[in-house]
Structure formats: C-alpha cells, structure tokens
Amino acid sequence: ALCCGKRALSDGVAMDEMARSVSGMLQAAASSRSAGDYSKAERLYRTALHQDPANASALHGLGSMAIEMRQLDKAVSFISEAIKLDPTNADFHSDIGTAFMALGRHSKSIEHLRVALQQCPCDWQLHFNLGNSLQACGDLQGACQEYRLALSENPKSVEVHANLALVLLDRKERTEAIRHLQTAFGLAPTS
C-alpha cells in the first residue's frame with residue numbers, strides 16, 4: 001500500500017526500515033560527534049528527529065553535544081524534551097544535572113542528579129557531581145556524604161579526595177581534611 005507516495009507502515013517492514021535508518025543515523029551522529037564534527041552530528045541527529053520526532057536518544061544526543069559546546073541553555077532544552085519522553089533514563093538526568101550545575105542552578109542539578117542516582121546508586125561520578133552541587137548550596141554535610149559515597153566506589157579519585165578535604169576544612173575537621181589532601185597528593189600524577 002502507498003500513502004502519500006510512501007509505503008504504508010502498517011505492514012511493519014517500512015517501520016523496521018525506518019528504525020534501522022534512525023538507529024544508523026544515531027550511530028553515525030555519535031561517531032561524528034566523537035570525531036569533533038559537530039555540524040555533521042547535528043544534521044544527523046536532526047534528520048533522525050525528522051523521521052522519528054519522539055526519539056529521546058536523538059534529543060539527548062543534541063543536548064549532550066550542546067553541553068560539550070558549552071551551549072548550556074540549549075542543552076537543557078533538548079534534554080528536558082528527552083526526559084519528557086523517557087523520564088527514568090539515568091543518563092538524561094545525569095547530563096541535565098551537569099548542565100544545570102554549570103549554569104549555577106544547583107537546586108535543579110541536585111534534583112536531577114538524585115533521580116539519576118536512584119537508577120545508578122554506585123556511580124561515583126554522580127555522587128561527586130551531587131557533592132559539588134550540595135557544596136555550592138552550602139550543604140557541607142550532604143556534600144561530605146556524597147564525596148564519601150564517591151570514594152567508596154572510586155577510592156583513587158584525586159578530585160574527590162581534594163573536594164572532600166576542602167569541605168572538611170570548611171567544617172573545621174582539619175585532621176581528616178589533611179589525610180584526604182595527603183591522599184590526593186599521593187595519587188596525583190607527577191610530571
């Protein structure tokens with residue numbers, strides 16, 4: 001059957017072809033993005049969206065790319081649309097949390113990072129980012145807790161030890177702060 005000059009999607013074959021085509025475009029877009037060809041990646045993501053307007057992965061790809069290009073408001077817009085389509089996707093919440101953190105909108109960052117952590121409670125980077133946002137909001141106790149959780153998953157992280165040490169210094173917990181600073185310096189690569 002034909003519909004507007006195209007094969008009808010009712011037989012499932014055209015639907016499968018479209019899915020393969022969109023999937024291929026998303027893979028090509030990700031490869032272009034990795035290679036630094038943002039204009040090609042954007043064209044591919046947008047073409048995928050044209051074929052499948054409800055494709056959360058394409059919206060997320062555009063948003064993630066916008067983060068890399070420091071176009072943070074644009075990133076928030078794209079990833080917000082992706083979250084509407086797939087509200088439990090941890091990667092979407094993690095990335096929008098990162099964008100909000102970079103924009104200085106820490107309460108929104110905290111909200112999204114906590115959603116991501118519900119799906120990925122062992123992700124040290126999520127705990128670290130949440131700790132950073134909590135620290136920026138003045139919740140030093142919460143920041144310490146998140147940094148410690150990050151260290152339980154990645155005990156060799158220089159940046160987590162360093163950030164925890166700074167928060168501990170602010171809390172006047174000097175002995176533990178010094179221990180974490182020493183650990184950070186011991187782990188830091190020498191040049």
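By what part of a helix are tryptophan 124 and phenylalanine 128 separated in helix H7? They are four residues apart in H7 (residues 124-136), so about one helical turn separates them. We will return to this pair after a look at the whole chain.

The model is predicted, so local features need pLDDT of at least 70 and side-chain atom pairs count only at pLDDT 80 or more, while totals for chains, interfaces and linings use all residues. Residues are numbered from 1 along each chain as its sequence is written, and side-chain values use heavy atoms, with hydrogens and water left out.

Start with the overall plan. The chain holds 10 helices and two strands. Helices (H or I, at least four residues) and strands (E, at least two) are DSSP runs, numbered from the N terminus. Read from the N terminus, the order is β-β-α-α-α-α-α-α-α-α-α-α. The chain has 191 residues, and 39% of them count as buried. Buried means under 20% relative accessible area, exposed means over 50%, and partly exposed lies in between (1.4 Å probe, protein chains only).

Now go to helix H1, residues 13-34. Serine 21 sits in this helix. Serine 21 counts as partly exposed, because its relative accessibility is 30%. Its side chain meets that of glutamine 51 in a polar contact of 3.4 Å. A polar contact is a pair of N or O atoms within 3.5 Å; within protein, one must be able to donate a hydrogen and the other to accept it, and residues adjacent in sequence count only if both atoms are side-chain atoms. Serine 21 and alanine 48 are 27 residues apart along the chain, yet their C-alpha atoms are separated by 8.1 Å.

Next come helices H2 (residues 38-51) and H3. Their axes come within 9 Å and cross at roughly 155 degrees. Axes are lines fitted to C-alpha atoms, for helices over the stretch in contact, and angles run from 0 to 180 degrees between N-to-C directions. H2 and H3 are therefore roughly antiparallel to each other. The cut-offs are these: under 35 degrees is roughly parallel, over 145 roughly antiparallel, 65 to 115 roughly perpendicular, and the rest oblique. The crossing of H2 and H3 is left-handed. That term applies if the near helix is turned anticlockwise from the far one by less than a right angle; clockwise makes a crossing right-handed.

Stay with H3, residues 56-68. Its 13 residues reach 18 Å from first C-alpha to last, close to the 18 Å expected at 1.5 Å a residue. The expected span is 1.5 Å times one less than the number of residues. H3 is mostly covered, with 11 of its 13 residues buried. Among them are Leu59, His60, Leu62 and Met65. Asparagine 55 caps the N-terminal end of H3. One of its side-chain oxygens lies 3.0 Å from the backbone nitrogen of serine 57.

Lysine 172 lies in the loop between helix H9 (158-170) and helix H10 (174-187). Lysine 172 is exposed, with a relative accessible area of 57%.

Move on to helices H5 (residues 90-102) and H6 (residues 106-119). They pack at about 160 degrees, with axes 8 Å apart. H5 and H6 are therefore roughly antiparallel to each other. H5 passes H6 in a left-handed crossing.

Finally, back to the rings. The structure holds two aromatic pairs. The rings of tryptophan 124 and phenylalanine 128 have centres 6.3 Å apart and planes at 45 degrees, so this pair is tilted. Rings of Phe, Tyr and Trp (its six-membered ring) pair if their centres lie within 6.5 Å; planes under 30 degrees apart count as stacked, over 60 as edge-to-face and the rest as tilted. Tryptophan 124 counts as partly exposed, because its relative accessibility is 22%. Phenylalanine 128 counts as buried, because its value is 9%. Phenylalanine 128 also forms a tilted pair with tyrosine 147, 5.9 Å centre to centre and with 45 degrees between the planes. This pair links distant parts of the chain: phenylalanine 128 is in H7 and tyrosine 147 in helix H8 (residues 140-153), 19 residues apart. Together, Trp124, Phe128 and Tyr147 form one aromatic cluster.
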